[in-house]
Amino acid sequence: MSEKIFHGVPASGGIAIGPAYLYHSQGLTVSRRKLKPEEVEPELKRFQEALAKTRAQIKGLEEKAKEKLGEEHASIFSAHQVLLEDPLFTEDVARIVSSDHINAEFVLHEALEKFKTVMASLNDEYFRERGGDIRDVGNRVLRNLMGKGDKEELKKLDKEIILVANDLIPSDMVNLPTETIKAFCTDVGGKTSHVAIVSRSMGLPAVVGMQKATMDIHDGDLLIVDGNKGLVLVNPRPHIIEQYRHLKEEYVAFQKSLEAFKNLPAVTPDGRRVTLAANIETPLELDEMARHGAEGIGLYRTEFLYMNREENPSEEEQFQAYKELAVKTGDHPAIIRTLDLGGDKFLSHLNDSEEKNPFLGLRAIRLCLKRPDIFKIQLRAILRAAAYGPIKIMFPMISSLSEVLESKVLLQECAEELKHEGQVFRSGIEVGVMIEIPSAAIIADILIQEVDFFSIGTNDLIQYSMAADRGNESVAYLYDPLNPAILRLIHMTVEAAHKAGKWVGMCGEVAGDPQFIPLLLGIGLDELSASVSVISEIKKIIRMMPYEKAKEIALAATRVKTSDEVFEIIRDNVPAELKAILF
Amino acid sequence: MKITEKLLVINKLGLHLRAAAELVKVANKFKSQTTIHHGIQNVNAKSLMGLMTLAAAKGTELEFECDGPDAKEAIAALKQLFEHRFGEKE
């Protein structure tokens, strides 16, 4: 029992201590058995039955996934069906069983292991990752052969465990017994992978992207999973365990203290009320939202509907997704951002020419206005869904007035079409634009005449203002939210909106960074929208930060020359009890 | 009859899972056995798992060897599939 530490991606916060439970390997110890000649026929029949059962299961999973996770998550299972018809399953195993008189599970297991080695050695990440699909299908056949059922044994777990797996794909997550799982560790994945999102919604710690955890962790190893730092400790020494018990208690206490804020409004001690909303990337996160006390959705991204697929989503499919949003957010507003693809989120079937400079190219509203046929499908779906709840619409990447006007014309056209068709929809939907290009901030006073609200997208606003790609390490230092140039653009935007009697929010990452909250409050933002997991913490900060003091900070920040000075102003002017938390 | 022909992967995503599944479907329409040679690898064109191990990205040249009564038709169909980028736009 040697002590080991693995580093991975911190995908869901929290600390868990408990025994490891290896998901795929469990119960799949395959032994070799020589068959008597008369056993061969029954063995072949048994194998065929296992294949038939697997076919039926995959079909069932496909339908279940369609229903629970959506069409795009389900398409993976149709590929699994083709995999299952591979000659390896349909010919090779039967042939070797007949010729060598060896049991089918051993033959299949050997063949799968060979594939696993080959796939793992591939240089291309895409193809390497497909090894997981092959294992998923292969192990399913093995389980059926061995009478293990459809991963049933997991449901029957009677003790608490930490689930360790190479990957947890949608089919796994559909059936998990959540009562006995304390944390997740996976070899693959990132912050937005399926397991990350689901574990956050279940409030369980998760570390993903651990490279080879499943090879080095064994069933029953004692694990500490630190989902805040992305660490997994295997068989740690007793004093380390003791330390982590403490940390865990502190963390739980901290979370508990945040829970107290869940149902309280985001209001400063001196009465300034702001709206604290959530940024939502996939519908799976909708259930997390209420748990963290978000007041609606400040940014509902719609890209998930368009990604990883060959054809565009239909109006009906989009309508259903937006309607679910309207229903789940209840009386709180939900701001749907229209398609923001191009640039980093490259959509192969919409964008037909390769661009030298995709971030300065045909993306977001530009792409939509060039393809009104595609854009109008989304606008119609949004208008129809808005009949079910207070949905607002927001256009991304606006750089000029004409884009706002053109978008509004299209929206109006859609409304008239729907009216003509006798469809149920909401007329007079609130329309806003993202302020994320410097030109838009500079003409904010002009744009606000045409819209109901602004939402500042800091990630792009900073990148475009500083002309620096923060993904590029050599220039990432320029990506600095406190740079006076950025602060001026934010001030201009807020002032323009308030002068026109309208509200302005912020939905970039800056709005989710606790240290910036006092400054943002002082600048006068009416709404902050951040990822679900930080909402309680931000609410706590708002409730500790007097608005008058925040305004002083914002004013002082306009009078200095560097971001270091701005940082010092925030640090030295927040109340002492807040300083202890933030700095 | 045995026919050999070199085909070039020209679609953007390469011989990814869906494209490879299309290839399997086409190969399965013919009686002939089709083997793909790539470097030291030889895989059965009717095996999706085999195709995955090729990890053939855009620009990869694969040598197809069809052996059987309808080898000529099989090669023609495969050639067309590659030229049409497996039905993908780019």
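These legends go with several close-up views of salt bridges and a helix pair in a predicted model.

In this predicted model, local features need pLDDT of at least 70 and side-chain atom pairs count only at pLDDT 80 or more, while totals for chains, interfaces and linings use all residues. Residues are numbered from 1 along each chain as its sequence is written, chains are lettered from A and ligands numbered from 1 in the order in which they are written, and side-chain values use heavy atoms, with hydrogens and water left out.

**View 1. A:Asp572 pairs up with A:Arg571 in a salt bridge.** A salt bridge here is a side-chain nitrogen of Lys or Arg within 4 Å of a carboxyl oxygen of Asp or Glu. For this pair, the closest N and O atoms sit 3.1 Å apart. A:Asp572 is partly exposed at 45% relative accessibility, and A:Arg571 is partly exposed at 29%. (Buried is under 20% relative accessible area, exposed is over 50%, and partly exposed is in between, using a 1.4 Å probe and protein chains only.) Searching the whole structure turns up 34 salt bridges over all chains.

**View 2. B:Glu5 and B:Lys79 form a salt bridge.** Their closest N and O atoms are 3.4 Å apart. B:Glu5 belongs to strand E1 (residues 2-8) of chain B and B:Lys79 to helix H3 (residues 71-83) of chain B, so this pair ties together parts 74 residues apart in sequence. Helices (H or I, at least four residues) and strands (E, at least two) are DSSP runs numbered from the N terminus. B:Glu5 is partly exposed at 25%, and B:Lys79 is partly exposed at 32%.

**View 3. Within helix H1 of chain B, look for B:Lys25 and B:Glu22.** Their side chains meet in a salt bridge, 3.5 Å from N to O. Both lie in H1 (residues 17-28), 3 residues apart, or about one turn of the helix. B:Lys25 is partly exposed, at 46% relative accessible area, and B:Glu22 is partly exposed too, at 23%.

**View 4. H1(B) meets H3(B).** The two axes (lines fitted to C-alpha atoms over the stretch in contact, with angles from 0 to 180 degrees between N-to-C directions) come within 9 Å and cross at roughly 160°. H1(B) and H3(B) are therefore roughly antiparallel, a label for angles over 145 degrees. On the H1(B) side, B:Glu22, B:Leu23 and B:Val26 meet B:Ala77, B:Leu78, B:Leu81 and B:Phe82 of H3(B), where contact means heavy atoms within 4.5 Å.

Note on methods:
Parallel < 35°, antiparallel > 145°, perpendicular 65-115°, else oblique.
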